[in-house]
Amino acid sequence: MGGARNLRDEAASLWHDRLVVADRFWRNATAINYELAPAWLPWSAVDPDVVAFAWDETEASEITTVIASMVPSDGARWEEKHRFTSEVTVLLAARYGRWACGWHWAVGEGGGGGVVTHWCCASHSVGGPAVTAAKVVASLLEWRDWLEELAERFEQLTPPDGADVEDRSWHLERAATRLVTVVMDRTGAECGWYGLCHTVLTWFLSSTGMGAEGAKKAVNAAIGGRFKSWTMPSRTLIDAVGEDLAVDLTGTQPYRER
């Protein structure tokens, strides 16, 4: 228990010294604290090839014990449940890095249009201590798996070194269409799914060496509000977004015959 107590003290110190977290949340953000909002994190903060994650049975037991001790009592109000989510987010970020703040970016309206399925929202997911702690841990691992999957996909889709402008345009279009399709499939195109799509495409461009701000602008211009909640985009629309992104970044149409 000494290790668990130290872990909790570490999180509390970080809470007071480095972060200002309000009681309410804006979906996947911790009280619009952009340092702990997964959609606003740079790829460098979530790249699993850069940010290590040590996990074993001892670590799982310790963090589960700490989280269980933080769960509000039966009959807790909405505000208390959301405060719990905030405190858990700070704890996980302090322990593992800012990437961990995406643990509750869940699918659908309750989760803010993310990819996590083991968590829904504070109102529905916070229950008994043991069950709630298990959900948090499962969600954290699911989020980490998603980041590792993205890193592998990014490596496969990145334009090769030395590619000429036409080749680069083709690779960028292919990457965009495949990543949009993956996000659509994983989220079911439910409420707010396009937010995750924006983030994934921005992270991909950043992984190729593009600056974060330039990547955001390019993605915003390519999607341009064309994706909607609860609506699966057509193949034609997905292709158009990929082509627009490629042309904007290279000034050249991708080869269609490949």
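Hi everyone. Before the first number, a quick definition: accessible areas here come from the Shrake-Rupley method with a 1.4 Å probe. On that basis, the protein you see above has an accessible surface of about 12,000 Å², and carbon and sulfur atoms account for 50% of that surface. Please keep in mind that this is a predicted model.

Let's start with the overall build. The protein has 10 helices and 0 strands, so to speak an α-α-α-α-α-α-α-α-α-α pattern when you read along the sequence. Of its 258 residues, 50% are buried.

Now let me take you to one helix pair. Two packed helices are described by the angle between their axes and the distance between the axes. For helix 3, residues 57-70, and helix 6, residues 129-157, the axes come within 8 Å and cross at roughly 125°. Angles of 65 to 115 degrees count as roughly perpendicular and those over 145 as roughly antiparallel, which is why helix 3 is oblique to helix 6. As for handedness, the crossing of these two helices is right-handed.

Which residues make the contact? On the helix 3 side, they are I63, T64, I67 and A68; helix 6 brings P129, A133, V136 and V137.

Terms used. Residues are numbered from 1 along each chain as its sequence is written. This is a predicted model: local features need pLDDT of at least 70, side-chain atom pairs count only at pLDDT 80 or more; totals for chains, interfaces and linings use all residues. Side-chain values use heavy atoms; hydrogens and water are left out. Axes are lines fitted to C-alpha atoms, for helices over the stretch in contact, and angles run from 0 to 180 degrees between N-to-C directions. Helices (H or I, at least four residues) and strands (E, at least two) are DSSP runs, numbered from the N terminus. Angles under 35 degrees count as roughly parallel, over 145 as roughly antiparallel, 65 to 115 as roughly perpendicular and the rest as oblique. A crossing is left-handed if the near helix is turned anticlockwise from the far one by less than a right angle, and right-handed if clockwise. Contact means heavy atoms within 4.5 Å. Buried means under 20% relative accessible area, exposed over 50%, partly exposed in between (1.4 Å probe, protein chains only).
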